[in-house]
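Reader: I would like a close look at one part of this model, the place where two chains meet. Please keep to what can be computed from the atoms.

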Amino acid sequence: MQELVLIQPGSAARSELVREAAQADARREFEERLAECGPLAYRVARGVLRNTADAEDVAQEALLRAYRSFDRLRDRSRFRGWLVRIAFRIALDRLRSAKRREQRDTLWSQPAHLPPPTTTEDIAVSNQFQGHLERALEELPEKLRLVLLLSAMDGYTIEEIASLVAVPAGTVKSRIFLARKKLAEKLRCHANTIKTR
Amino acid sequence: MPCKHYKDALVEAAATGAEPQGELRAHLAGCDSCRSAFAEEKSLFASIDAGLHATSNAEVPPSLLPRVRARLDESPAPARFWSANWLVLASAAVLLLASFTAYSLWRTRFSNPSPSSAQTISPPPSVTPSKDFPAPALASPDKQSLSSSPNTLVVRAPMRHPRPTLATSTPEVIVPHDEELLLTNYAQQWRQRKQLLLVAEAATETDFPLLQVLPIQINELDVKPLVEGKSQ
């Protein structure tokens with residue numbers, strides 16, 4: 001006659017199972033946000049770094065950091081703003097590296113990165129003007145730069161940007177206005193030079 | 001060149017993207033240079049917006065998400081810091097609480113001594129020697145340690161409290177009168193001898209009388225037998 005023995009898992013094994021289940025939940029929850037927020041992190045990094053390879057590195061790093069600290073984020077609805085700030089901060093750190101700066105400038109000088117100009121307005125947005133614009137953007141204060149980059153992205157309203165950077169909508173508007181004015185002051189002479197050619 | 005008076009207003013209008021209103025609109029209708037400057041400003045802001053749009057909406061490389069997923073597989077899962085280490089944190093909290101309680105008790109006991117404990121700290125005004133337990137020989141008041149004599153209870157007190165009066169006064173020892181006389185005599189002789197020794201260093205040939213200590217004179221006890229009728 002065969003005996004059946006009921007083996008109950010110990011408390012350690014049970015806690016291990018609970019822990020694994022919690023990790024699987026966290027991973028699944030993070031994966032759901034990854035498809036939506038990954039491009040956002042990349043674009044923020046790209047707006048700061050102006051280099052595709054560096055921006056991809058920074059986006060990966062930001063997403064990994066967010067994943068490792070994902071459990072500490074109590075309010076998961078703030079994930080996008082949190083990720084944007086992480087990506088922006090890493091991108092700024094990367095930008096300050098002189099070695100990376102040289103590499104980026106070299107890559108950026110290649111015209112293949114820009115779409116070919118077609119209309120009169122696109123002529124103004126030439127390689128030369130774009131280069132000046134990127135440098136002027138780099139000189140902007142960080143607060144203004146982040147808000148301006150987000151406002152230029154497709155699909156983000158003032159209210160969404162306000163929630164991303166955790167400031168009132170009025171502050172976002174004033175920052176955008178101030179940033180555009182500063183850029184215009186820096187680029188006015190370059191625009192005139194391009195036009196007179 | 002635009003008119004100076006309207007230059008800032010032109011830039012503001014171009015930056016906001018709104019159509020000029022009121023006085024500026026009327027001025028633009030009649031001023032060719034300002035109209036031209038306004039068109040240039042609008043073109044400049046349009047160029048800036050187009051450049052920003054191109055920068056901010058760069059195409060996301062298709063390799064981004066697969067690479068992130070691959071790195072997520074390699075990296076450890078997010079640790080539940082607070083729940084995983086609750087045992088360590090609880091132990092640390094208990095230890096901290098116990099340390100704090102012990103320190104509080106210690107501080108309460110020694111910072112606010114009770115009147116009874118204050119009496120034990122302050123030494124008695126005089127120490128009467130007994131046969132079994134002779135008086136302590138001029139114990140240093142600085143060393144407030146536990147004395148070997150049971151007659152004196154010395155408690156180590158915190159330094160911030162005022163020291164007992166023993167620290168500043170000479171201890172007083174009560175002895176019989178004849179012993180007191182002998183001790184006084186001995187002390188005088190000792191002082192003289194000390195002075196003479198100092199003089200002897202200068203004049204080594206000098207003879208000094210020997211120190212003589214008189215024997216203690218104890219009167220004979222007069223023992224008388226009790227009268228039988230008065231005994232109990």
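Author: The model is a predicted one. In it, 40 residues of chain B are in contact with 46 residues of chain A. The size of an interface is often given as the accessible area lost when the parts come together. For chain B and chain A the buried area is about 4,200 Å², and carbon and sulfur atoms give 61% of that area.

The rule finds 7 salt bridges across the interface of chain B and chain A. In one salt bridge between the chains, the side chain of Glu12(B) meets that of Lys181(A), at 2.8 Å from N to O. On the side of chain B that touches chain A, the elements giving two or more residues are helix H1 (4-16), helix H3 (32-56) and helix H4 (64-74) of chain B. H3(B) gives the most to that side, with 15 residues.

Glu56(A) lies in helix H2 of chain A, residues 52-68. Its relative accessibility is 7%, and because buried means under 20%, Glu56(A) counts as buried. Leaving aside neighbours within four places in sequence, Glu56(A) is in contact with Tyr42(A) and, from chain B, with Pro61(B), Ser63(B), Leu64(B) and Arg67(B). With Arg67(B) the link is also a polar contact, made between the two side chains at 3.2 Å.

Now to chain B as a whole. Its secondary structure comes to 8 helices and 0 strands. Buried residues make up 17% of the 232 residues in chain B. Among contacts in chain B with a separation of 6 or more, 55% are between residues 24 or more positions apart. The accessible surface of chain B comes to about 18,500 Å², and 60% of this surface belongs to carbon and sulfur atoms.

One nonpolar surface patch of chain B, of about 420 Å², is made by Tyr186(B), Trp190(B), Leu211(B) and Val213(B). Tyr186(B) lies in helix H8 of chain B, which covers residues 177-202. The relative accessible area of Tyr186(B) is 43%, so this residue is partly exposed, falling between the cut-offs of 20% and 50%.

Definitions and conventions. Residues numbered from 1 in each chain as written. Chains lettered and ligands numbered in written order. Predicted model: local features only at pLDDT ≥ 70, side-chain atom pairs only at ≥ 80, totals over all residues. Heavy atoms only, no water. Patch = residues over 30% accessible without salt bridge, like charges linked within 9 Å, V, L, I, M, F, W, Y side chains within 5 Å. Areas by Shrake-Rupley, 256 points an atom, 1.4 Å probe, with all protein chains shown as cover. Salt bridge = Lys/Arg side-chain N within 4 Å of Asp/Glu carboxyl O. Helix = DSSP H or I, 4+ residues; strand = E, 2+ residues; numbered from the N terminus. Buried < 20%, exposed > 50% of the residue type's maximum accessible area, 1.4 Å probe, protein only. Contact = heavy atoms within 4.5 Å. Buried area = accessible area lost by both parts, 1.4 Å probe. Polar contact = N/O pair within 3.5 Å; in protein donor to acceptor, adjacent residues only side chain to side chain.
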